[in-house]
Amino acid sequence: MDETSDEPPTSAVLLDNCHFSQVVFNNVEKSYIPGGDITCYYTLTQNIVPRGKDWVGIFRVGWKTTREYYTFMWAPLPTDVCSDGAVQQQIQFKAYYLPKNDEYYQFCYVDQDGAVRGASVPFQFRAKTEDDILVVSTQEEVEEIELENKNLRKENEELKASCASLQKQNINLQEELNKTQELQNSLESLRSNTEKLELELHSLKKENKHLKDLYDCREAELHQLKEQIQNVTSDKECLETRLKTALDQMDQLQSQVLNYEKEVENLSHMDHDKTEQLESLKEENRQLHMAVTQQKEQNKELEPCMKYMKGSKAELSLCPTQQNHDLMKELEEQKRLYQILQAKKNEADEENQKLREENDGLLRHLSQAREVSSFSVASQAHAPIPAPKVGGLLFGNPYRGEITWHSASIRKCPMCDDVFPEDIETSQFEAHVQSHLLECPLCSETFEKSNKQVFDDHMFCHGLE
């Protein structure tokens, strides 16, 4: 149906969202003769800005969206684009692409967004009859024409009512479409939440599996410990049984020995003449002594087992005592370490005290230097600078009680021997001297930066306190 291979831009825009008054179609015939080209005349109002993809289509009356066009032509851009008034345009449709039936059609102007900007009155494609050519000359024919116009108006009202009903249906469909879109959005949200929950479930399953493995390991270790305890308990019971048996045997043997001794004592008081009987009794007594000796040897063999059992009981009873002993030993070691650190702290405090005294002396030298500098400015131009003595210092020893300043116009740092001119600010000179020192933030003691180890030991002693 289209002269070109490109499809025009269309959309599912409803009729109530269209602006039919922005483009006005002119000189639209009630009917066009089939088989011939037709020219469409229309006016672009100032409410529309024409664009390159605008098009004019022929639609069958009753269309709902711009996708239902029968044929179309690209709308030419006006030559005077900057004109603020209405612009007259025209498009010619070829007969080959026009409809062949006698249904009602209309022209529609559609912009490149697929929205309708104007529509014409309906028309037909049919051949002209004689009735169309006849000239009305009688009153009856006029009345018939009026009646026909009345019927057409009635039909037009019915079409308008049908159009309103269709618009209402379109509104309902649009609401249903919005609800469907909301449901789709909620479904997407539920899907994303489901995916997140599945990921969390997968992570929890992994963690649960890991915990089960740990639990199995702990169960195996516990089972092994229980078996060891059972073995130790069974060994202990076995040894106790053997010890009890040995003690019972010893008691029996001792009772037998006592009985034999009583018998021997009774026989010793018998008649001396019964020597043979006495000898036999002595022999029997000797055998009994041998049995006792054998029993004692068996008792000696059982003594290690008894000692082992007593040692096991002693170890079991002394376990907490051994732990206390270890704790006391560790406490003694900590005390000894604390005493060593305390001694180091005392040494560091003594050295800090010496350094503090030296620092106070340096600060006094600085104040004296400022006084001497202000006193000797007047005689600076007349007094020559003498050379230092052999083995002496130009500015004197900063650690001695007295300082002889040979040149009041020059300042020298007592820490790094840097020389400063007289016009330097006192605050700058003191800041330079202070940069060589480290100050403790806890007790305000100062240390030379070269002795940073002493400063670190001092801070460590504060940490011990």
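Modeller: Start in E7, where Gln106 is the bridge partner of Phe59. E4 and E7 run antiparallel, joined by 6 bridges. Strands here are DSSP runs of E with at least two residues, helices are runs of H or I with at least four, and both are numbered from the N terminus. This is a predicted model, where local features need pLDDT of at least 70 and side-chain atom pairs count only at pLDDT 80 or more, while totals for chains, interfaces and linings use all residues. Residues are numbered from 1 along each chain as its sequence is written, and side-chain values use heavy atoms, leaving out hydrogens and water.

E4 and E7 belong to an open sheet of 4 strands, ordered E5-E4-E7-E8 and paired antiparallel. Its edges are E5 and strand E8 (116-119), each pairing on one side only. Two strands pair if DSSP finds at least two bridges between them. Neighbours in this sheet are turned by 25° against each other on average, direction ignored. Axes are lines fitted to C-alpha atoms, for helices over the stretch in contact, and angles run from 0 to 180 degrees between N-to-C directions.

There is also an open sheet of 3 strands, in the order E1-E3-E6, again with antiparallel pairing. E1 and strand E6 (87-93) are its edge strands, and each pairs on one side only. From one strand to the next, the twist averages 30°. Strand E3 (residues 38-44) and E6 run antiparallel and share 7 bridges. Opposite Gln89 in E6 stands Tyr42.

Now the rings. The whole structure holds 18 aromatic pairs. Rings of Phe, Tyr and Trp (its six-membered ring) pair if their centres lie within 6.5 Å; planes under 30 degrees apart are stacked, over 60 edge-to-face, and the rest tilted. Phe25 and Phe107 are stacked, at 6.0 Å centre to centre with 20° between the planes. This pair links distant parts of the chain, 82 residues apart: Phe25 sits in strand E1 (residues 23-26), Phe107 in strand E7 (residues 105-110). Both Phe25 and Phe107 are buried. Buried means under 20% relative accessible area, exposed over 50%, and partly exposed in between (1.4 Å probe, protein chains only).

Trp55 and Phe72 make an edge-to-face pair, 5.6 Å centre to centre and 80° between the planes. Trp55 is in strand E4 (residues 55-60) and Phe72 in strand E5 (residues 69-74), so their pair ties together parts that are 17 residues apart in sequence. Trp55 has 0% relative accessibility and is therefore buried. Phe72 is buried too, at 1% relative accessible area.

One aromatic cluster takes in Phe25, Tyr32, Tyr42, Tyr70, Phe93, Tyr105, Phe107, Tyr109, Phe123 and Phe125. Among them is Tyr42, the residue opposite Gln89.

An α-helix has 3.6 residues a turn, so residues three or four places apart point the same way.

Last, the cysteines. The structure holds 0 disulfides, a disulfide being a pair of cysteine sulfur atoms within 2.5 Å. Cys217 is partly exposed, at 43% relative accessibility. Cys238 is partly exposed as well, with a relative accessible area of 44%.
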